[in-house]
Amino acid sequence: MKAISRLTAAISIASLLPLSALAGQVEVLHWWTSGGEKRAADTLQKLVEAKGHTWKDFAVAGGGGEAAMTVLKTRAVSGNPPAAAQIKGPDIQEWGELGLLADLDDVAKAAEWDKLLPKQVADIMKYDGSYVAVPINVHRVNWLWINPEVFKKAGATPPTTLEEFFAAADKLKAAGFIPLAHGGQPWQDGTVFEDLVFAILGADGYHKAFVEQDKATLTGDKMVEVFATLKKLHGYIDADAAGRDWNSATALLINGKAGMQIMGDWAKSEWSAANKVAGQDYQCLPFPGTQGSFAYNIDSLAMFKLADAENRKAQEDLARTVLEPEFQQFFNQNKGSIPVRQDQDMSQFDSCAQQSMRDFKEAAKGNGLQPSLAHGMAASSYVQGAVFDVVTNFFNDPDADPKKAAQQLAAAIQAVQ
Ligand code: BGC
């Protein structure tokens, strides 16, 4: 049975159950607005509605979520935050410090979240020892997506190293394809940059650069090499890349116009929505040079304090639903991510998700598991913004000097620390 029809079956059973006496409303802020993302968000909406509550969708378009976060700040400042908002990583602590987040410990204790979640994940969701957010999934950022048919036509070989990546890009270019489908937006430039840092500096160097923000690493020879490689890569994107949304870039691959895309596995949601099959119609490869390592990006919903008892009940039901196996399966199958519950049965997932779960567990045994900088897991949004500025300026300036860029990177990070 397809995930969606299983979801419908589960919901019709749930709707036979007596509705809770306390039915409330949950307003949920997120930025899941592409075709594939919306299908995933709908699974959550349906499960919450099946519990008798009303879902108020607060979707703010814009990949990576920068626009959504700006809108959230405005709403919070006016004293009217939504019940739940997709807030990630260290930013959860910032919102906790403002005293605006609700305590979810009752739900978490009853459902034993401490046992279900890896400790590093649980810690991110807690403020001052109490759960204030619920994790949804684990996205992997260091992926390369390829269209095998386009590769075949161009006589290109799926790359495992950066050298092979550029060799494949040359073949694709010579055969008249767009070698690399890219969207010129700061967070997408930042995503590509982060993958290059992971490949060229390795997991330890990546950690030093983005988590420790170590100056010598940020300005070192390898970082200069990253910028030089980024410049080279610019030669393989098309002239219309500026401003393009990530899902339009994925569409170029799906439609056979481009050969590769560097993107996290939310890109898979677009392939699934187009009824394409992993391993056949498209391939997911660990980003060349990062095999065995895993840059993680955990989506999570932070809950805001609410005065109304019914809405509070709806909010708790929302939080409870997110970590139930049913939601974990339906949502993640549509979203391209893997379940955050480590005990989830993966037999119903496709080959990319199964590889992702295997690699996540393997990487977690050593230092290969690293937080994504471009997706708000490694540092605050201020540091993330500083990195995006330097990277985007560099990427769009044909005369920019890699050595200078590395110096600017360290200075920009230092200025917001
Ligand atoms: C989020 C994903 C989302 C992607 C594109 C990432 O930062 O974690 O959930 O699909 O941005 O908008």
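# Sheets, helix packing and domains

User: In what sense do strand 12 and strand 15 pair, and over how many bridges?

Analyst: Strand 12 (residues 294-297) pairs with strand 15 in the parallel sense, over 3 bridges. Two strands pair if DSSP finds at least two bridges between them. Helices (H or I, at least four residues) and strands (E, at least two) are DSSP runs, numbered from the N terminus.

User: Before we go on, what kind of model is this?

Analyst: This is a predicted model, in which local features need pLDDT of at least 70 and side-chain atom pairs count only at pLDDT 80 or more, while totals for chains, interfaces and linings use all residues. Residues are numbered from 1 along each chain as its sequence is written, and side-chain values use heavy atoms, with hydrogens and water left out.

User: Back to strand 15, then. Which residue stands opposite glutamine 370?

Analyst: Glutamine 370, in strand 15, has alanine 295 opposite.

User: Now helix 10 and helix 12: at what angle do they pack?

Analyst: The angle is about 170°, and the two axes are 8 Å apart. That makes helix 10 roughly antiparallel to helix 12. Angles under 35 degrees count as roughly parallel, over 145 as roughly antiparallel, 65 to 115 as roughly perpendicular and the rest as oblique.

User: Which residues of helix 10 and helix 12 meet?

Analyst: Among them are Val192, Phe193 and Leu196 in helix 10, and Met223, Val226 and Phe227 in helix 12. Contact means heavy atoms within 4.5 Å. By class, this contact of helix 10 with helix 12 has 12 nonpolar, 1 polar and 2 charged residues. Ala, Val, Leu, Ile, Met, Phe, Trp, Tyr, Cys and Pro count as nonpolar, Asp, Glu, Lys and Arg as charged, and the others, Gly among them, as polar.

User: Changing topic: how do the axes of helix 2 and helix 16 cross?

Analyst: They cross at roughly 165° and come within 7 Å; helix 16 covers residues 325-335. Helix 2 is therefore roughly antiparallel to helix 16. The crossing of these two helices, helix 2 and helix 16, is right-handed. A crossing is left-handed if the near helix is turned anticlockwise from the far one by less than a right angle, and right-handed if clockwise.

User: And what about helix 2 with helix 15, at what angle do they pack?

Analyst: Helix 2 (residues 35-50) and helix 15 (residues 309-322) pack at about 125°, with axes 10 Å apart. That makes helix 2 oblique to helix 15. Leu44, Leu47 and Val48 of helix 2 make the contact with Leu318, Thr321 and Val322 of helix 15.

User: Last one: what are the bounds of domain 1 and domain 2?

Analyst: Domain 1 is 2-138 + 297-353 and domain 2 is 140-296 + 374-416; such bounds come from an automatic or database domain assignment. Their centres, taken over C-alpha atoms, are separated by 28 Å. The contact takes 26 residues from domain 1 and 29 residues from domain 2.

Methods. Axes fitted to C-alpha atoms, helices over the stretch in contact; angles between N-to-C directions.
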